[in-house]
Amino acid sequence: MATAPTKTRSGGPIIRAAILDPRCAAPPVIRRLYAGTEWCKPHYLDATLSEGKLDSFDIMVLVDSELPCESNPGSTSALLLQTASQWANQSAAIVILTERPSAFECLVAPHVCLPPNSPIELVHGTMLGLLATRGLVAQIDSERKRMQGLSESLQRHFTSIDTELRLASRLQKNFLPSDVKQIGPARFSTLYRPCSFVSGDIFDVIHLDEHHVAFYLADAVGHGVAAGLLTMYIKHAIQPKRATPHGDEILPPSVVLSMLNDQLASHELHDAQFITGWYGLLDLRTGRLEYAVAGHPPPLLVGHDGTIRELHGEGTLLGLAAGQSFSNETTQVHPGDRLMVYSDGLDHVLISHRPPLPGMPELHSGIPELLRKPTIELFAGLEWQLDNAPGSLNKGDDVSVLLLDMNRAGE
């Protein structure tokens, strides 16, 4: 940047002006400057400019001419714009003598366009005004560069976070069961739609022995990294069996949820960090289903005869306090029956009105028919409903479905 200008006898600054003129016909004001003034030291510059030359002046005066001349047969406007752009990088000021100010609208440096026949007093005042604002402009430019550096730093930071979240998403999906899992007559299918990279939903199907399979769905309140970490804890904390002197003992669902609740409560989670859950134990020989509920939406049981009902149970949220009890419920699942366990992100798609429990909720129009369709059509219909529901562009919650279909004989 140029050093501060020296003073005239009257106390005003002596302005070091770089003049870029195609040398065709200099306007009168330029001739006045070269004739000599107390307040201006003009210096003519050709088109070949170095950074050092630019740094030694306070003001640049560009003389615009629409027509090329013999000594400068190139495009005058292109030459001026190129030179002005170089000057702009120094955060200096430019006075442009032109009849076409719109040609210089692209300049970002402080500049003023004046008619070529402007009086020298107007040019002098314009230069003084530009010099007076140069410090502020330099300060703004410095702040702009600082903000640009901060933006680049934040961009790198967000890129790193994005990479880590994508990795976390892939790892979390690896912990989930495959889309379809056939265990004896039981066919399990899953639908998984996290609202962000990592989900607060976790589900699994566990083949315990030749005759028993356990399955569950848990939903950590909220979504994102905190909820995702809770789901990973749940995945490893659930204990469907325990070792005894006589071999492994398969635990009832109520005991499984009670043990999980005590483990979560022992960590004294924040009040907002709690979990809903549903856990089922199916006897593959008889179709007997034991289950327990921890504040989770009741699953829908679609009978082979087309009837639809909910499976209710008693149990509070997981992780609030140790020593909570959960009721152990039992029902029968027949060949051709379907059980749909889902997270509450699907509630608004399925249910239009819910009366006090244990009353059967009122389902949206078309949902009963959809629940009876083949799995592929069912999931496609649910996803269509999710994508076309009001507010679907702003996903508010994770959606997970764990579907059990009991095959008929011979299927």
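These notebook entries record what I looked up in one predicted model.

**Entry 1. The chain as a whole**

I began with the overall count. The secondary structure consists of nine helices and 20 strands. I then looked up burial, and 45% of the 411 residues count as buried.

**Entry 2. Helix α9**

I checked the length of helix α9, which covers residues 375-388. Its 14 residues, at 1.5 Å a residue, should span 20 Å, and the C-alpha atoms at its ends are 20 Å apart, so the two values agree. Which residues of α9 are buried? I found T375, L378, F379, G381, L382 and L386. Viewed down the helix axis, these buried residues fall within an arc of 160 degrees, and therefore they line one face of α9. On the other side of the helix, I noted that I376 and W384 are exposed. I next asked what covers the buried residues of α9. The cover includes the strands β7 (186-193), β17 (338-342) and β20 (399-406), together with the helices α7 (347-350) and α8 (367-371).

**Entry 3. Helix α1**

I repeated the exercise for helix α1, residues 28-35, where V29, I30 and L33 are buried. Seen down the axis of α1, they fall within an arc of 100 degrees, so they too line one face of their helix. After α1 comes G36, and I recorded that its phi is positive, near 115 degrees.

**Entry 4. R187 in strand β7**

I returned to β7, the strand in which R187 lies. R187 has a relative accessible area of 28%, which means that this residue is partly exposed. Leaving out residues up to four places away in sequence, I listed what R187 touches: V180, K181, Q182, T375, L403, L404, D405 and N407. One of these, T375, is among the buried residues of α9. I also looked up the separation of R187 and N407: they are 220 residues apart in sequence, yet 7.2 Å apart in space from C-alpha to C-alpha.

**Entry 5. A surface patch**

I then turned to the surface. M147, L150, L154, F158 and I161 form a nonpolar patch there, with about 430 Å² of accessible area together. I located L150 in helix α4, residues 120-174. Its relative accessibility is 40%, so L150 counts as partly exposed.

**Entry 6. Salt bridges**

Side chains of opposite charge can pair when their charged atoms come close. How many salt bridges does a search of the whole structure find? The search finds twelve.

I looked up R16 and D58, which form a salt bridge with the closest N and O atoms 2.8 Å apart. This pair links distant parts of the chain, 42 residues apart: R16 is in strand β1, and D58 is in the loop between α2 and β3. R16 is partly exposed at 21% relative accessible area, whereas D58 is buried at 0%.

In a second pair, E310 and R354, the N to O distance is 2.9 Å. E310 lies in strand β15 and R354 in the loop between β18 and β19, 44 residues apart. I noted that E310 is buried, with a relative accessible area of 7%, and that R354 is partly exposed, at 30%.

R285 is exposed at 53% relative accessibility, while D283 is buried at 12%.

Finally, I recorded a network of salt bridges that links R193, E383 and D387.

Technical notes. Residues numbered from 1 in each chain as written. Predicted model: local features only at pLDDT ≥ 70, side-chain atom pairs only at ≥ 80, totals over all residues. Heavy atoms only, no water. Helix = DSSP H or I, 4+ residues; strand = E, 2+ residues; numbered from the N terminus. Expected span 1.5 Å × (residues − 1). Buried < 20%, exposed > 50% of the residue type's maximum accessible area, 1.4 Å probe, protein only. Arc of directions from axis to C-beta. Contact = heavy atoms within 4.5 Å. Patch = residues over 30% accessible without salt bridge, like charges linked within 9 Å, V, L, I, M, F, W, Y side chains within 5 Å. Areas by Shrake-Rupley, 256 points an atom, 1.4 Å probe, with all protein chains shown as cover. Salt bridge = Lys/Arg side-chain N within 4 Å of Asp/Glu carboxyl O.
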